[in-house]
Amino acid sequence: LYLATSLDLQIIQPSSLAKIATLPVSYAPTSIAVGSSGKTIAVGAADGKVYSYATDGKSFNQTSILEKNRTSVTYLTFSKGEKEWLAVGEQSGKIIM
């Protein structure tokens, strides 16, 4: 289970709710999505950026920052299938893929 709080990102063990890992962040998370492989996490932020992380379920490793959004990122979802596409919903109502 992956959780984005106002202070950090967390990996939580679902059965015990124990924290496995915590990563402090310097931005305000507004949304989170996990790719179908479970190895990619995208976190949308109030600053209009999408922060991408690789994970093995035990730690986070930031891989990229997408900066093309103009308003706060309020929704994220990954496509299903061989290639994972990320759809980004902005506060303004725009959806970017």
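1. The protein chain exposes about 6,000 Å², and carbon and sulfur atoms supply 55% of that area. Accessible areas come from the Shrake-Rupley method with a 1.4 Å probe; for residues, only the protein chains shown count as cover.

2. A word on the basis. This is a predicted model, in which local features need pLDDT of at least 70 and side-chain atom pairs count only at pLDDT 80 or more, while totals for chains, interfaces and linings use all residues. Residues are numbered from 1 along each chain as its sequence is written, and side-chain values use heavy atoms, with hydrogens and water left out.

3. Next, the overall make-up. The protein chain has 0 helices and 10 strands. Helices (H or I, at least four residues) and strands (E, at least two) are DSSP runs, numbered from the N terminus. In sequence order the pattern reads β-β-β-β-β-β-β-β-β-β. The radius of gyration is 13 Å, close to the 13 Å that the globule rule gives for 97 residues, so the protein chain is as compact as a globular protein of that length. This radius is taken over C-alpha atoms, and the rule is 2.2 Å times the number of residues to the power 0.38. Along the principal axes, the C-alpha atoms fill a box of roughly 40 × 30 × 20 Å.

4. Of the 97 residues, 36% count as buried. Buried means under 20% relative accessible area, exposed over 50%, and partly exposed in between (1.4 Å probe, protein chains only). Among contacts with a separation of 6 or more, 33% come from residues 24 or more positions apart. A contact means heavy atoms within 4.5 Å.

5. Two strands pair if DSSP finds at least two bridges between them. Val34 has Ile41 in β5 as its bridge partner.

6. Another open sheet has 3 strands, ordered β1-β2-β3 and antiparallel. Here β1 and β3 are the edge strands with a single partner each, so one side of each is left without a neighbour in the sheet. Neighbouring strands are turned by 15° against each other on average, direction ignored. Strand β2 (residues 8–12) and β3 are joined by 5 bridges. Opposite Leu9 stands Leu23 in β3.

7. How many aromatic pairs does a search of the whole structure find? There are 3. Rings of Phe, Tyr and Trp (its six-membered ring) pair if their centres lie within 6.5 Å; planes under 30 degrees apart count as stacked, over 60 as edge-to-face and the rest as tilted. Tyr2 and Phe60 are edge-to-face, at 6.3 Å centre to centre and 65° between the planes. Tyr2 sits in strand β1 (residues 2–4) and Phe60 in strand β7 (residues 60–66), 58 residues apart. Both Tyr2 and Phe60 are buried.

8. Tyr27 and Tyr51 are stacked, because their ring centres are 3.8 Å apart and their planes are at 0°. Tyr27 lies in the loop between β3 (19–24) and β4 (29–34), and Tyr51 in strand β6 (residues 50–55), so the pair ties together parts 24 residues apart in sequence. Tyr27 and Tyr51 are both buried. Finally, Tyr2, Tyr53 and Phe60 form one aromatic cluster.

Technical notes
Axes are lines fitted to C-alpha atoms, for helices over the stretch in contact, and angles run from 0 to 180 degrees between N-to-C directions.
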